[in-house]
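Open the viewer and follow along. Each stop says what to select and what to look for.

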Amino acid sequence: MRHGRAFWLFVGPFAIGLLVFVYVPIAWSLLLSFFDARNTVTPTEFVGLRNYVDMLTDAPFLRSLGTFSVFAAFIVPLTFVLALALALLVNQISFMKAFFRSVFFLPTACSYVVASLVWKLSIFNGVRFGLANTVLGWFGAEPIAWTVSTSPPWYWLVLVTLRLWLQLGFYMILFIAGLQRIPQHLYEAAWIDGASRGWQTLRYITLPQLRTTSVAVLLLLLIAAYQAFDEFYNVLGTDRGYPPFARPPLIYLYYTALGSGGQDFGHGSAGAVILTLLIAGVTLLQGRVITR
Amino acid sequence: MRVARYLALSMAAVLFLIPFYLVLRNGLATEQEITAPTWTFWPSEIRWENFAELFSNPAVPMVRSMVNSLVVAVLQTFGQLLLCGLAGYGLARIPYRYANVVLYLVIATLMIPAAVTFVPTFVVVSTLGWVSDLRGLVIPGLFSGFTTFLFRQYFLNFPRELEEAARIDGLGHWGTYWRVVVPNSKGFFAALGVIAFVTSWNQFLWPLVIAQDQDSWTVQVALSTFLTSQSIDVVQLFLAAAVSITPLVVVFVALQRFLVRGVTETGIKD
């Protein structure tokens, strides 16, 4: 019994908070998702599965999943390969190692809002004095309206480079930690066996030894891309609202549940439940990787 | 080979530093200079007056939003370390019949990324009347199942001999935790604390949802509002961005050791 009291002394405050701010919201949301709830957070009229049917047949909602897929198809492999490349390069040098590591890691200090500001108003500003257009101008090319042009959809270049800059350093650190766990004697044995120092040791030792790190990084990248919101909102949003294209799931949900067109918590909750179920599988896999 | 490596790294480093250069260049120039048709690499004259103009502009709540961000980040950092540290220790070390039930409830939350549940959380927090309120900004972010889980894993590997020595000295669980476990885990607490601070300072979606009155804006919400509406001039916007980064640059320079450790410990955290 004394153990019970001590246990709750330690765990109680956290457990109550978890209940109130995680479990109650989820339960409430499940409830709301079966009701009509416009501009109110109390359920008004029971509608059964209608909110779910509406969401799953709603073209913009399905398009938002498509937008996520396109974004993930670019950002996940690019970040993975470039972060691994940076980690390998930084890990192989000795002079100025800490300097390079710090430089690549420094963008983590910036928020997505700050990065969006730089990308939207300076690098990819559509006018002639934007950095990208200035560089194009040196080659005699015409300026491009980076964030508003839809054909070709240049905004993908803006959004993908932004996230790359911001997250590469973080994943590089994870890969460096993984590389440092590889026992040195594996390499020595391979060299004695005549393996070349470059490609062969990478292919047969480094990459297989990095398997756990790689799986974790891939899942993390996928989950992070799924939750993309900040840079889309800040780069593409204006005071006249958000354009009809390039709306990833959370942007869509934000405008459904909290947008200026009225707060629709019934549909918003149904959307949140669907998105949670879609991501739960991936995170379950992630949980198994990290708890191992 | 060695030369090629340094060449590749140096080119990458230049690319990585360009955005920082742009923030400073655009924030310390005049608007005419940075919107001129030919590129100026550095303002012909650094305009330090821009700082005074930014901080005295009544339309930009710069001081207020920086203070809000600082209060939120400090409270969330220490609140998380306190609550999740205690809970992690209880789950790791105090035998109790229902400890496993609680542990499963914690682990189950790891499957749900916090950002996906912003609508449900908003519903509950608005019912509590915490919209545009410090409590609404800070409290929902304190109960991180992931941080608690990391603490539990860490305490499972804490040397038992130290705790047993404390027990022999007559300390209970509470005394052992505060006098022996915490002082011997400073590095781990610092690592998770730095990550919590950086995450809190940079978070955007939740403050955007909950801080609806201008008085409760964090610095990210303030920057975003002026960016999307473009209601203040570009130079001030960039200078505001530079100011908003400063606390984290300080953290990076002073505490990088803990930050790197935090990233590798929490690698899993988004």
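How many salt bridges does the structure hold over all chains? There are 11 salt bridges over all chains. Keep in mind that this is a predicted model.

**Stop 1: salt bridges in chain B**

Select R64(B) and D215(B). They form a salt bridge, and their closest N and O atoms are 3.9 Å apart. R64(B) sits in helix α4 of chain B, while D215(B) is in the loop between α12 (205-210) and α13 (219-229) of chain B, so the pair ties together parts that are 151 residues apart in sequence. R64(B) is partly exposed, at a relative accessible area of 44%.

Now select R93(B) and E163(B). This is another salt bridge, with the closest N and O atoms 2.9 Å apart. R93(B) belongs to helix α4 of chain B and E163(B) to helix α9 (residues 160-168) of chain B, so parts that are 70 residues apart in sequence are tied together. Are these two residues buried or exposed? R93(B) is buried, with a relative accessible area of 10%. E163(B) is buried as well, at 5% relative accessibility.

Next, pick D133(B) and R135(B). Their salt bridge has its closest N and O atoms 2.9 Å apart. R135(B) is partly exposed, with a relative accessible area of 42%.

Then move to chain A. Select D36(A), R38(A) and D264(A): salt bridges that share partners join them into one network.

**Stop 2: where the chains meet**

Colour chain A and chain B separately. The contact takes 92 residues from chain A and 95 residues from chain B. Together the two chains bury about 8,500 Å² between them, and 81% of it is on carbon and sulfur atoms. Select F10(A), F14(A) and F21(A). They supply 10% of the area that chain A buries against chain B, more than any other three residues.

Which helix gives the most to the side of chain A that touches chain B? It is helix α1 (residues 2-32) of chain A, with 22 residues. By class, that side of chain A has 65 nonpolar, 23 polar and four charged residues.

How many salt bridges does the rule find across the interface of chain A and chain B? It finds zero. Polar contacts do occur: the count between chain A and chain B is 10 residue pairs, both residues being at pLDDT 80 or more.

**Stop 3: aromatic rings**

Show the aromatic side chains. The count comes to 54 aromatic pairs over all chains. Zoom in on W8(A) and Y96(B). Their ring centres are 5.8 Å apart and their planes lie at 80°, so the pair is edge-to-face. This pair crosses between chains, from helix α1 of chain A to the loop between α4 (62-93) and α5 (99-109) of chain B. W8(A) is partly exposed, at 37% relative accessibility. Y96(B) is partly exposed too, with a relative accessible area of 22%.

Go on to F35(A) and F46(A). Here the ring centres are 5.3 Å apart and the planes at 75°, so this pair is edge-to-face. F35(A) lies in strand β1 (residues 35-36) of chain A and F46(A) in strand β2 (residues 45-46) of chain A, so the pair ties together parts that are 11 residues apart in sequence. F35(A) is buried, with a relative accessible area of 18%, whereas F46(A) is exposed at 55%.

Now select F10(A) again, together with Y89(B), F151(B), Y154(B), F155(B), W174(B), Y177(B), W178(B), F188(B) and F189(B). Ring pairs link these residues into a cluster.

**Stop 4: two helices to look inside**

Select helix α4 (residues 97-105) of chain A. Which of its residues are buried? They are F100(A), V103(A), F104(A) and F105(A). These buried residues pack against α3 (59-92) and α7 (155-180) of chain A, and also against α1 (2-27) and α14 (234-266) of chain B.

Finish in chain B, with helix α6 (residues 118-127). Eight of its 10 residues are buried, so this helix is largely enclosed by the rest of the structure. The buried ones are F118(B), V119(B), P120(B), T121(B), F122(B), V123(B), V124(B) and V125(B). Just after α6(B), click on G129(B), which takes a positive phi of about 75°.

Notes
Residues are numbered from 1 along each chain as its sequence is written. Chains are lettered from A and ligands numbered from 1 in the order in which they are written. Side-chain values use heavy atoms; hydrogens and water are left out. Buried means under 20% relative accessible area, exposed over 50%, partly exposed in between (1.4 Å probe, protein chains only). Helices (H or I, at least four residues) and strands (E, at least two) are DSSP runs, numbered from the N terminus. Contact means heavy atoms within 4.5 Å. Buried area is the accessible area (1.4 Å probe) that two parts lose on being put together, summed over both. A salt bridge is a side-chain nitrogen of Lys or Arg within 4 Å of a carboxyl oxygen of Asp or Glu. A polar contact is a pair of N or O atoms within 3.5 Å; within protein, one must be able to donate a hydrogen and the other to accept it, and residues adjacent in sequence count only if both atoms are side-chain atoms. Ala, Val, Leu, Ile, Met, Phe, Trp, Tyr, Cys and Pro count as nonpolar, Asp, Glu, Lys and Arg as charged, and the others, Gly among them, as polar. Rings of Phe, Tyr and Trp (its six-membered ring) pair if their centres lie within 6.5 Å; planes under 30 degrees apart count as stacked, over 60 as edge-to-face and the rest as tilted.
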